[in-house]
Amino acid sequence: MVKIAPSILAADFGRLKDEVKKVEDAGADYLHIDVMDGHFVPKITVGPDIVKCLRPHSRLIFDVHLMVKEPERQISSFIEAGADLVTVHAEACAHLHGALTEVKKRNVKAGVALNPATSPEVLSYVLPLIDLVVIMTVNPGLGGQTFLKEILPKIKVVKEMLLKAGVPVEIQVDGGINPQVAPLAVKEGADVLVAGAAVFGTPNPAEAMQRIRESCKIGH
C-alpha cells in the first residue's frame, strides 16, 4: 500500500503539536517537514528547533526535506534535532556525494530531491548512498500548487533505474497530490506521496488519507 507523508507546510502552525498528533492518529506513515531558507526557495519555514520541539510528541518518521542552499551546513543540526530521514536537493549541493555521506555516517536515512527540470542522471553515481528519491511535481517553495503531469514519465525512468541497479530505494512524489493525481504517480512507480493541503486542509485527515489510498488501488 502506498505510504502517505503529510507535509506540515499546510498545517496550522499555531497548534502544530496537535496537528502532528492528529495526522499520526489518522494513520500517516511519515511526517514531511519542509525546510526553506529564503535563498534556494523564496519562503522561509522552520529550523531545527521546531523539529526538536515536535520530536518528543510523535513516533512518526521525521522526513526532513532541506530546500536550502548549501544543505551540508544544516545536516548535523537537523539530525541532532531528531530527523530520521534527511533529503537534500541535487541542485543545491556543491558536492552531492559528500552531503549524502554526511547523512549516512550519522546512521540516518538519506534522500535526494529532483526539481521538475532536473534529469534523473544525477542519481547515477550516488545510488548506493540513498534510501529515497524525491521527485518534485511542482517547483519547490510554495504550497498548494498544481501537480505537473508532464513529470510523470520521470517517475517511471527513476523506477526503472532503481530496479536495474537492484537498490532498495523508495520513490517519493512531492507536490500537488490529491485523490485525482495520486493514482497516476503510483502507476508510474511512486511509493510515498507527500500531501499537504489534501490532508491538513481537511476537517478529517484520516478520511482524506483513506481517499488517497483508495484512489491508488483503483488506479492500479
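The charged end of which residue sits over the ring of Phe62? That residue is Arg55, whose charged end lies 3.7 Å from the centre of the ring, where sitting over a ring requires NZ of Lys or CZ of Arg within 6 Å of the ring centre and within 35 degrees of the ring normal. This is a predicted model, in which local features need pLDDT of at least 70 and side-chain atom pairs count only at pLDDT 80 or more, while totals for chains, interfaces and linings use all residues. Residues are numbered from 1 along each chain as its sequence is written, and side-chain values use heavy atoms, with hydrogens and water left out.

Val122 is found in the loop that runs between strand 5 (109-114) and strand 6 (132-136); strands here are DSSP runs of E with at least two residues, and helices are runs of H or I with at least four, both numbered from the N terminus. Because its relative accessibility is 37%, Val122 counts as partly exposed, a class between buried (under 20% relative accessible area) and exposed (over 50%), with a 1.4 Å probe and protein chains only. Apart from neighbours within four places in sequence, Val122 is in contact (heavy atoms within 4.5 Å) with Ala90, Leu96 and Leu114. Of these, Ala90 is 32 residues away from Val122 in sequence, yet their C-alpha atoms are 7.4 Å apart in space.
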